[in-house]
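Here are my notes on this model. Please read them with the coordinates open.

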Amino acid sequence: MYNGHVDINWPQNSIIYHIYPRSFKDTNGDGIGDLQGIIDKIDYLTYLGVNAVWLSPIYKSPQKDFGYDVSDYKRVDKCYGTIKKFEELAEKLHKKNIRIMMDYVPNHTSSKHPWFEKSRSSRDNTKRNWYVWRNPKKDGSPPNNWLSVFGGSAWQWDKKTKQYYLHTFDLNQPDLNWHNNDVEKHMLSVINYWLKRGADGFRVDAIYHLFKNQDFGDEPENPNYSTDSLPYYKLFHTKTYALPKTIELMRRISHLLKRSGGKFMVSEVHTGPEDLMKMYKNVDWRYFQPFNFSLIFLPWIAKTQKEYVDQYDRQIGKTYFPCYVSGNHDVKRAATRIGEKQSRNLAIMLLTLRGFSYIYSGDELAMTDTPIAKDKVMDTFELHSPGLGLGRDPQRTPMQWDTTKNAGFSTDSPWLPVNKNYKKLNVQAQMQDKKSHLNLYKKLINLKKTSPAIKEGEYIPLPMPAPNVYSYLREKGAQKVLVVVNFDNKPKKLSLGYKEARIILDSFLTREPNKKVSLVDFKLKPDEGIIFEL
Ligand code: NOJ
């Protein structure tokens with residue numbers, strides 16, 4: 001049993017490094033990353049300076065959705081290691097003052113979970129009502145028009161018991177029935193189980209899908225649906241998404257986390273700022289907060305980003321803290337979305353805005369999406385909805401450590417191909433290059449931990465100093481930090497309203513740090529971001 005230290009509340013400005021364990025570091029030569037691999041790379045985590053890691057799911061799983069299909073919540077999948085190994089990892093991370101966050105997957109299990117195997121065995125099994133089963137319509141078709149996020153109907157016919165079961169994601173991921181109290185009881189025990197083994201918190205998967213309207217009526221069609229978006233958005237998800245009961249459950253979970261010594265949860269929610277505020281206001285926000293995906297999903301345009309952050313920060317106020325995310329295993333990599341130069345600016349914003357910063361492993365190197373040949377596709381999303389550009393394999397390819405075979409990730413064939421650019425783009429090379437993406441991240445992380453204004457100062461919006469240039473102040477006591485980001489690849493002349501300032505850091509790491517410069521008609525280079533102290 002884990003015997004490390006028990007921490008108190010999470011600092012509201014933690015820097016969390018998201019590890020996709022399959023792709024981080026393989027130590028047993030099976031081409032799949034493992035827990036020992038993370039242990040072996042703890043020095044890298046301390047070099048970077050992050051103060052927490054979040055692991056995508058490591059539970060026992062048939063890996064149909066690479067761990068988001070859990071067949072036993074209280075075991076580690078053998079491809080990653082054992083519970084003992086997890087405890088060792090937690091203990092070693094804690095020694096370095098790094099917290100560890102698990103992924104918590106409550107909406108669905110794997111179809112191979114013994115609960116589901118029992119549930120589907122007969123209509124009167126005691127586990128039947130742990131999942132969502134409905135009769136077909138008279139013509140044998142599914143009970144309603146609900147859609148799976150991954151494509152097609154959310155209902156799957158079960159020949160044996162002659163009913164449909166609900167799966168919001170893959171058909172191998174049947175939805176649990178959270179309207180059943182036994183499900184809640186068992187699923188909350190999972191949280192305690194991992195806290196006892198050293199976890200400091202959780203990222204919660206798909207939480208807004210948990211409750212379904214019990215009238216099981218059709219969802220209305222979305223008249224504005226455009227065919228270039230996900231087929232799932234053909235409907236408005238009024239019966240299956242963000243039901244009020246979710247907030248009540250979040251509140252119960254936040255109480256549990258509080259009782260467990262101030263542990264922490266961040267939840268995956270895709271929703272507007274008003275709704276995110278509802279969560280902050282109704283749940284004990286010190287222990288339970290929603291992700292904010294605006295840096296990923298809003299267009300990369302200065303005005304759009306500025307207006308969003310200004311409004312969000314105003315709504316949130318000084319008491320609550322945003323959880324900004326710049327990338328994850330579900331979306332195209334930052335450097336692919338907006339290019340390497342702009343992804344430096346994204347890093348500046350991620351690490352100088354208020355609150356928590358979530359970094360997706362590999363983005364600190366500006367890793368790019370790797371093209372995957374049709375016959376090599378692994379991701380269930382691409383397999384269900386092929387050719388729409390929804391596949392997530394490209395952003396999940398192995399971490400690029402060095403120039404050796406398979407980028408130092410594995411001695412055997414990796415489960416996904418290593419990007420061909422690894423000879424140039426890797427940790428080892430970037431550690432030696434003073435101007436590298438990695439060095440920028442390292443400096444920004446250090447700044448976020450040491451500058452009082454960035455660590456805990458107020459966010460003060462400023463007028464745009466030039467077209468497509470975003471700037472803001474962070475202020476704490478005597479320290480005033482000015483951030484300026486050029487979203488264009490053209491030079492800009494700025495009217496900032498300040499006479500002079502000291503350069504702390506620029507996105508290309510080419511300007512002389514600590515140098516006092518005049519801010520009158522200051523010239524910003526194409527794609528450049530700068531942090532000044534006033
Ligand atoms: C969101 C996760 O991030 C994604 O990877 C997964 O496929 C779905 N939820 C279903 O669990």
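1. The lining of the second largest pocket comprises nine charged, three polar and three nonpolar residues. Here Ala, Val, Leu, Ile, Met, Phe, Trp, Tyr, Cys and Pro count as nonpolar, Asp, Glu, Lys and Arg as charged, and the others, Gly among them, as polar. Of the 15 lining residues, Asp313, Lys318, Arg354, Glu458 and Tyr459 lie nearest the pocket centre. A pocket is an open set of points on a 1 Å grid over the protein atoms alone, where a 1.4 Å probe fits, with protein on both sides within 12 Å along at least five of seven lines; lining residues have an atom within 4 Å of a point. The volume is about 240 Å³.

2. The model is predicted: local features need pLDDT of at least 70, side-chain atom pairs count only at pLDDT 80 or more, and totals for chains, interfaces and linings use all residues. Residues are numbered from 1 along each chain as its sequence is written, and side-chain values use heavy atoms, without hydrogens or water.

3. Helix H9 (302-316), helix H15 (452-456) and strand E14 (458-461) each give at least two residues to the lining of that pocket. Helices (H or I, at least four residues) and strands (E, at least two) are DSSP runs, numbered from the N terminus.

4. Strand E19 (residues 529-533) is largely enclosed by the rest of the structure, because five of its five residues are buried. Buried means under 20% relative accessible area (1.4 Å probe, protein chains only). Gly529, Ile531 and Glu533 cover one side, Ile530 and Phe532 the other; all are buried.

5. E19 has antiparallel partners. Strand E16 (residues 479-486) pairs with E19 over five bridges, and Phe532 is the bridge partner of Leu482. Strand E17 (residues 492-506) joins E19 through four bridges, with Leu505 opposite Ile531. Pairing requires at least two DSSP bridges between two strands.

6. The largest nonpolar core has 140 residues, and Tyr17, Phe86, Tyr104, Ile191, Trp194 and Tyr358 have the most contacts inside it. Its largest share, eight residues, comes from helix H5 (residues 181-196). Another core, of 16 residues, lies apart from it and includes Leu482 and Val517. A nonpolar core joins buried Ala, Val, Leu, Ile, Met, Phe, Trp, Tyr and Cys residues through side-chain atoms within 4.5 Å.

7. Ser71 sits in the loop between strand E3 (59-60) and strand E4 (72-76). Ser71 counts as buried, because its relative accessibility is 9%.

Key
Buried means under 20% relative accessible area, exposed over 50%, partly exposed in between (1.4 Å probe, protein chains only). Grid points are joined across faces, edges and corners, and a volume is the space filled by probe spheres set on the points.
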